[in-house]
Amino acid sequence: MAVDRDIEGAVAVLHAGGLVAFPTETVYGLGADAGNPVAVRKIFETKDRPATHPVIVHLADAVQLASWARDVPEVARKLAKQFWPGPLTLILKRVRSVSDAVTGGQDTVALRVPAHPVAQQLLARFGGGIAAPSANRHGRVSATTADHVRREFGAAVDCVLDGGASQVGIESTIVDLSGATPALLRPGWITAVEIEAALGTRLAVPGADAPRAPGTLAAHYAPRTPLTLAEGDLAIELAASLVRQGKRVAVLARSARQPLLQGLEWMAAPQDAAGYAHALYASLRRLDESGCDAIIVEQPPQAAEWAAINDRLARAATGSSVPDET
Ligand code: TXA
Ligand code: MG
């Protein structure tokens with residue numbers, strides 16, 4: 001597996017039907033030529049991802065929208081203009097040529113123009129769409145560095161482009177514009193309030209008949225070590241009681257003070273939401289690898305700018321408790 005910043009080499013791998021992991025500003029993607037269903041299916045095999053879970057098609061610019069989506073509503077152009085390139089994914093009705101391997105057989109396609117300069121160069125040189133889910137095994141913690149990707153997949157990925165640590169750190173906001181009312185399918189760094197301000201209308205909360213989005217499964221983004229979310233002092237009390245039972249405990253702390261206890265792996269998380277999101281997956285990976293019996297995360301505030309972080313933490317807690325279902 002080549003680890004490099006060689007865009008031409010990566011483009012050649014894509015043309016040959018191979019897999020290229022690449023940085024985006026949200027998380028790393030595991031990419032294949034979106035126009036090559038055989039290559040796209042390799043992504044699913046490599047991730048152990050169920051074939052019915054569609055993947056996002058990454059584009060160099062909004063001009064390419066028309067090659068992938070039909071009946072593009074005015075609001076899509078509005079959001080694209082305001083937030084692309086950036087951490088926003090739009091669900092639109094697909095044109096017929098988009099393969100079922102990409103869409104999971106649905107009549108819609110997810111599209112995003114990422115802002116990371118390496119992703120931008122790759123997409124511009126490749127020319128077509130790059131299908132890419134997050135570069136992690138299905139249900140597990142996403143990758144925000146090239147090293148995470150290497151450790152997750154080893155030689156199964158033909159090429160890993162290293163663009164440093166993903167700046168945002170959590171996945172894009174997903175807005176479904178394929179139905180009668182715009183709906184938020186996955187919260188992200190761009191908040192629902194910002195999207196609603198741009199749209200001039202409220203976002204619907206998706207119903208039971210909404211398109212499938214595995215990022216919205218109750219169990220996702222999960223470490224292998226059981227993870228518990230708890231408020232401030234309760235988090236510390238829980239950690240202390242587990243330590244007294246002879247367990248080794250890792251704590252991702254925000255405000256609480258570190259108790260002097262042996263057998264406690266302590267990590268102070270950034271105080272601000274942007275810093276917290278940026279560090280979140282690397283922190284979860286580190287705590288997961290620390291060999292502890294339990295991870296305790298001190299619950300962040302319930303404010304709007306923490307919504308996407310709280311969403312990921314809640315799913316990580318559920319996912320870590322039901323490893324066979326992720
Ligand atoms: O930030 C991101 O979005 C990252 C980077 C690599 O772009 N990608 C990412 O991909 O998070 P993934 O596959 O982990 O999550 C994409 C989500 C999934 O929940 C998937 O089901 C949903 O997008 N999705 C894709 N196509 C869809 C469609 N046609 N309708 C509804 N949901 C769709
Ligand atoms: Mg994912």
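This is a predicted model: local features need pLDDT of at least 70, side-chain atom pairs count only at pLDDT 80 or more; totals for chains, interfaces and linings use all residues.

Visitor: Start with the largest pocket. How much space lies in it?

Guide: About 230 Å³.

Visitor: Which residues line the largest pocket?

Guide: The lining consists of Arg137, Arg140, Val141, Arg151, Glu152, Ala222, Pro223, Arg224, Arg285, Asp288 and Glu289. By class that gives 8 charged and 3 nonpolar residues, with no polar ones.

Visitor: Which helices supply at least two residues of that lining?

Guide: Helix H7 (146–153) and helix H10 (273–288) each do. In terms of domains, at least three lining residues come from domain 1 (4–199), and at least three from domain 2 (227–319).

Visitor: And the second largest pocket, what volume has that one?

Guide: Its volume is about 160 Å³. Thr173, Leu184, Pro187, Gly188, Ile190, Thr191, Ala192, Val193, Ala304, Ala307 and Ala308 make up the lining.

Visitor: How does that lining divide into nonpolar, polar and charged?

Guide: There are 8 nonpolar residues, 3 polar and no charged ones. Helix H8 (192–199) and helix H11 (307–321) each contribute at least two of the lining residues.

Visitor: Where does the second largest pocket lie relative to the two domains?

Guide: It lies between them, because domain 1 (4–199) and domain 2 (227–319) both give residues to its lining.

Visitor: Change of topic. Where is Ser142, and is it buried or exposed?

Guide: Ser142 sits in the loop between strand S7 (130–131) and H7. Its relative accessibility is 1%, so Ser142 counts as buried.

Visitor: What does the Ser142 side chain have a polar contact with?

Guide: The side chain of Glu171, at 2.4 Å. Beyond the neighbours within four places in sequence, Ser142 is in contact with Val27, Ser134, Asn136, Glu171, Tyr221, Tyr281 and Arg285. Of these contacts, Arg285 is also in the lining of the largest pocket.

Visitor: Tyr221 is on that contact list. What is its phi?

Guide: Tyr221 has a phi of about 55 degrees, which is positive although the residue is not a glycine. Most residues other than glycine have a negative phi. Tyr221 is found in the loop between H8 and strand S11 (227–230). With a relative accessible area of 2%, Tyr221 is buried.

Visitor: What about Asp71, what is phi there?

Guide: Near 45 degrees, again a positive value in a residue other than glycine. Asp71 lies in the loop between helix H3 (65–68) and H4. Asp71 is exposed, its relative accessible area being 58%.

Visitor: What joins Trp84 and Pro85?

Guide: A cis peptide bond, with omega about -10 degrees. Most peptide bonds are trans. Pro85 is in the loop between helix H4 (74–83) and strand S5 (88–93).

Visitor: Last one, Ala183. Which strand is it in?

Guide: Strand S10, residues 183–186. Ala183 is buried, at 8% relative accessible area.

Visitor: How many residues apart in sequence are Ala183 and Leu203, and what is the spacing C-alpha to C-alpha?

Guide: They are 20 residues apart in sequence and 4.9 Å apart in space, C-alpha to C-alpha.

Methods: Residues are numbered from 1 along each chain as its sequence is written. Chains are lettered from A and ligands numbered from 1 in the order in which they are written. Side-chain values use heavy atoms; hydrogens and water are left out. On a 1 Å grid over the protein atoms alone, a cavity is a set of points where a 1.4 Å probe fits but cannot get out, and a pocket is an open set with protein on both sides within 12 Å along at least five of seven lines; lining residues have an atom within 4 Å of a point. Grid points are joined across faces, edges and corners, and a volume is the space filled by probe spheres set on the points. Helices (H or I, at least four residues) and strands (E, at least two) are DSSP runs, numbered from the N terminus. Ala, Val, Leu, Ile, Met, Phe, Trp, Tyr, Cys and Pro count as nonpolar, Asp, Glu, Lys and Arg as charged, and the others, Gly among them, as polar. Domain bounds come from an automatic or database domain assignment. Buried means under 20% relative accessible area, exposed over 50%, partly exposed in between (1.4 Å probe, protein chains only). A polar contact is a pair of N or O atoms within 3.5 Å; within protein, one must be able to donate a hydrogen and the other to accept it, and residues adjacent in sequence count only if both atoms are side-chain atoms. Contact means heavy atoms within 4.5 Å.
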